[in-house]
Amino acid sequence: QFGEIQEVRSRIVGRASRFRVRYIGPDGRRYSPPVFDTYGAAESFLIQVQADIRLGLWSPEKASGQQAVKVKPVMFAEFAENCIVNRMNRPVKPLRRSTADNYRKQLRLELLPAFGDQRVDEITEGDVNAWHKASSAKGHPTQTANAYLFLNSVMNEAVAARIIDSNPCRVPGAKGKPAPKHEAEALSAEELRDYLKAVPKQYRVPLMVAAVCGLRSGEVRGLRVRDVDPDSGRISVQQAVTRVKGEYIIDKPKTKAGIRTVYAPELLREGLAAHLKVKSDGSRDGLLFTARDGRSPLHSTILREAHLKGRDAIKRPTLRFHDLRKTAATLAAQQGATVKEIMVMLGHTTPEVAMIYQAAGEQRMKDIANRMDDALKHPDNQ
């Protein structure tokens, strides 16, 4: 784990390779002794140097004859920002701007106050443990977990760049997903009808798209005219709206599973057809649900305020907008949809995540129990 050994192959045929050693001394300089004839000799040299450093026996004078190069300290704040920029500019799967903005938010709120003035190679396991404990005490488990995962990835890159020998992020269980503070809820069909009646009429259709088709808020607001066929009920999810530092960004969903096709029930088709008739912008590439100017994306706050009116009317004070996806999954499951079909509808990549959004519902469970009872009493009904 200490230093670096590099094989130097000879250009002369038949001559064996030699091995070059590099290490950073306590004075912050990189030392490169003369090459060694065998890998074992190079390794033994590094072991001895590391032992000398630990015992306080190493000195620049003792390292005389070894080429020394001053190594510029790598500060955590600068290195973390460079990691973000490099990920955004990589040719394969470049980082989305919204994700980069989220990383910078984690830096600003969590990591820079703790590590911003430190060198990357000075951050210890104890430093990470102390930060994680203090952050966890704030009561924002998701924010702490996301910041830890980002810190871990930055330190992995530092290891790859040979700035540090090992990753100091070793907090037990910190990589796991924290238990959600809010238990996802689902509306019954009757509750959903009353909910939709209570929301402002102009926002009834987009909220219904979320509640029966399982689209996220950004996906609903990212629908274009061309993405909807009210005759067949076909809705093509191709993009989503996000807002970064006051600027709207319309981009593809984060995963391939997010690009999908869902179908609207007949009641929603009627609403979609009526909504299309009153669209002021006749362009098929225009957004389906817009702000008052008829062009800009509908703001998430506007849709959320309409949702709040609906949930207040049915006395469900803890129902979140995102819970409408669970309502869609639950209603689909009650109509016989398989887990795979629900995965497609919600745009999920794993069945475990899709299962989270299902809720059997008290009435549904009662109906199942009654049918079991009928089967037990009347074998012919099986």
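Analyst: Happy to! Of the protein's 382 residues, 38% count as buried, where buried means under 20% relative accessible area with a 1.4 Å probe, protein chains only. This is a predicted model, in which local features need pLDDT of at least 70, side-chain atom pairs count only at pLDDT 80 or more, and totals for chains, interfaces and linings use all residues. Residues are numbered from 1 along each chain as its sequence is written, and side-chain values use heavy atoms, with hydrogens and water left out.

The secondary structure comes to 14 helices and 9 strands, which are DSSP runs numbered from the N terminus (helices: H or I, at least four residues; strands: E, at least two).

Now to the packed pair. Helix α3 (residues 97-115) and helix α4 (residues 125-136) pack at an angle of about 140°, with their axes 11 Å apart; the axes are lines fitted to C-alpha atoms over the stretch in contact, and angles run from 0 to 180 degrees between N-to-C directions. That makes α3 oblique to α4, because angles under 35 degrees count as roughly parallel, over 145 as roughly antiparallel, 65 to 115 as roughly perpendicular and the rest as oblique.

Which residues meet? From α3 come Glu110, Leu111, Ala114 and Phe115, and they meet Asp127, Val128, Trp131 and Ser135 of α4, with contact meaning heavy atoms within 4.5 Å. By class, this contact has 5 nonpolar, 1 polar and 2 charged residues; Ala, Val, Leu, Ile, Met, Phe, Trp, Tyr, Cys and Pro count as nonpolar, Asp, Glu, Lys and Arg as charged, and the others, Gly among them, as polar.

Notes
Buried < 20%, exposed > 50% of the residue type's maximum accessible area, 1.4 Å probe, protein only.
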